[in-house]
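Look over the model below. The text then moves through its pockets, its cavity, a helix pair and a loop.

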Amino acid sequence: MTPEQLRVFVAVAEEQHMTRAAARLNMTQSTASAAIAALEARHEIKLFDRIGRGISLTEEGRAFLPEARAVLARFAEAEAMLAETRGLERGHIRLIASQTIAGYWLPPYLAAFRQARPGIEVTLEIGNTQEAAERLRAGLHDLALVEGDVEDAKLERVQIGADRLMLVSAAPPPGKLDARALSAASWVLREPGSGTRSTAEAALADLGVAPHALSAALVLPSNEAVLSAVEAGAGITILSAHVVARSLSLGTVRDWDLRLAPRPFYALRHRDHHVSHATRDLLARIDQSQLDDLTRTE
């Protein structure tokens, strides 16, 4: 049966008149009659008794009426849900972000989005850049926000922000900072697959320091673990300015004043997956906030 057949059945049952029901539904009397006939024929049942010009429900029709009304009510709720989703009154965004973005850069944007769109639920998971891309490819998330380079024909990438990387340690920096000094230092690094690590290695390569030449004293799975180890004197590291800001202000780490190229932040989406109105709105708000920040600094 179709929703249209159900609407006709309910209208005829309530009006007890085929012509009035057709007029109520803005259709011809023959179209309404055909819908009822098709419904009865399909299920081999009589829904109405026709006596002269009158029409009344059969016992089967009376039993079917509340079920038909219930189904139409669910259709109406579904249509309302889609309308509300389109109007950004309801929705759900499934995000995954790498650690630096999720822990330091993204929260203010999510707080502002939540205030503007209180009916939209946002769930956020954390993983390194490689993990985020893998989960996006598997269809587990609508959007991935990462800081590492991801080259995949299935994923579309757009820059949404940038970050500054800093070389820091607990001990004072050496008087002469060159490739030899960097290669000889003890390093505390993030795990392979981390955007922070891949970007740091790329920055060091530009300075003539090959990644395989680094002496990794420790390899740790989070920014916080790396920073704590560095504060304890385990070695030097390259981390986001967002991550080390508080430690710099407290004096627990020192900036080696190494000028590193800005690190872009990217939004990734699967090319074959639909982008919801809510997801588009979130990205637009992040982009506008970036523009507003730039304008304020000019």
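The largest pocket has a volume of about 270 Å³. Of its 17 lining residues, Thr199, Ala202, Ala203, Ala261 and Pro262 are the closest to its centre. Helix 9 and strand 12 (263-270) each give two or more residues to this lining. Helix 9 gives the largest share, five residues. By class, the lining of the largest pocket has nine nonpolar, three polar and five charged residues.

This is a predicted model, where local features need pLDDT of at least 70, side-chain atom pairs count only at pLDDT 80 or more, and totals for chains, interfaces and linings use all residues. Residues are numbered from 1 along each chain as its sequence is written, and side-chain values use heavy atoms, with hydrogens and water left out.

Some terms come next. On a 1 Å grid over the protein atoms alone, a pocket is an open set of points with protein on both sides within 12 Å along at least five of seven lines, while a cavity is a set where a 1.4 Å probe fits but cannot get out; lining residues have an atom within 4 Å of a point. Helices (H or I, at least four residues) and strands (E, at least two) are DSSP runs, numbered from the N terminus.

The second largest pocket has a volume of about 160 Å³. Strand 6 (155-163), strand 12 and helix 12 (277-297) each supply at least two residues of its lining. Strand 6 brings the largest share, four residues. Among the lining residues are Leu143, Glu156, Arg269 and Asp287.

The largest cavity has a volume of about 40 Å³. Its lining includes Val188, Arg190, Arg197 and Thr237. Strand 8 (186-190), helix 9 (195-206) and strand 10 (236-240) each supply at least two of the lining residues.

Now take the helix pair. Helix 1 (residues 3-15) and helix 3 (residues 29-43) pack at an angle of about 105°, with their axes 9 Å apart. That makes helix 1 roughly perpendicular (65 to 115 degrees) to helix 3. Gln5, Val8, Phe9 and Val12 in helix 1 meet Ala32, Ala35, Ile36, Ala38 and Leu39 in helix 3, where contact means heavy atoms within 4.5 Å.

Glycine 87 lies between helix 4 (59-86) and strand 3 (91-97). Glycine 87 and alanine 278 are 191 residues apart in sequence, yet 8.9 Å apart in space, C-alpha to C-alpha.

Note on methods:
Points joined across faces, edges and corners; volume = space filled by probe spheres on them. Axes fitted to C-alpha atoms, helices over the stretch in contact; angles between N-to-C directions. Parallel < 35°, antiparallel > 145°, perpendicular 65-115°, else oblique. Nonpolar A, V, L, I, M, F, W, Y, C, P; charged D, E, K, R; others polar.
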